[in-house]
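Dear colleague,

Please find below the structure that I am handing over to you. I would be grateful if you could look through it before reading the notes that accompany it.

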Amino acid sequence: MKELNPLLHSQLRLAIMSILMNVEEADFVYLKEKTEATSGNISVQLDKLASAEYIVVNKSFVGKKPRTTCRITDIGKEAFEEYINSLRSYLHL
């Protein structure tokens, strides 16, 4: 059996990737609300996913407020699909 990707095996990173697989992009607040994680934890996990080039993080301003948006990359989509296929092989689906 193929080993599960340890970067995606984290509950929060997997949740973030699952959300991003279904939207064009998501902002920080949306991800925080959907995952019910703390700002600090989300930030750390986004950095890890961005370092692996699984997501792209864009920081901008809307008026005077900072806005962080994320979108999944082709590398991230491929890694996520491989993870799901590996999981299926464990479950014999």
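This is a predicted model: local features need pLDDT of at least 70, side-chain atom pairs count only at pLDDT 80 or more; totals for chains, interfaces and linings use all residues.

Helix H3 covers residues 39-51, which makes 13 residues. From its first C-alpha to its last, helix H3 reaches 18 Å, close to the 18 Å expected at 1.5 Å a residue. Its buried residues are Ile42, Gln45, Leu46 and Leu49. Viewed down the axis of H3, these buried residues fall within an arc of 105°, so they line one face of the helix. Just after H3, glutamate 53 adopts a positive phi of about 65°.

Turning to the strands, E2 and E3 run antiparallel and are joined by eight bridges. Within this pairing, lysine 59 stands opposite threonine 68 in E3. The two strands E2 and E3 form a hairpin, with two residues between them. In the turn of that hairpin, glycine 63 has a positive phi of about 65°.

Strand E3 is also joined to strand E1 (residues 26-27), by two bridges, and E1 and E3 run antiparallel. Here aspartate 27 has threonine 69 of E3 as its bridge partner.

With kind regards

Methods. Residues are numbered from 1 along each chain as its sequence is written. Side-chain values use heavy atoms; hydrogens and water are left out. Helices (H or I, at least four residues) and strands (E, at least two) are DSSP runs, numbered from the N terminus. The expected span of a helix is 1.5 Å times one less than its number of residues. Buried means under 20% relative accessible area, exposed over 50%, partly exposed in between (1.4 Å probe, protein chains only). The arc is that of the directions from the helix axis to the C-beta atoms. Two strands pair if DSSP finds at least two bridges between them.
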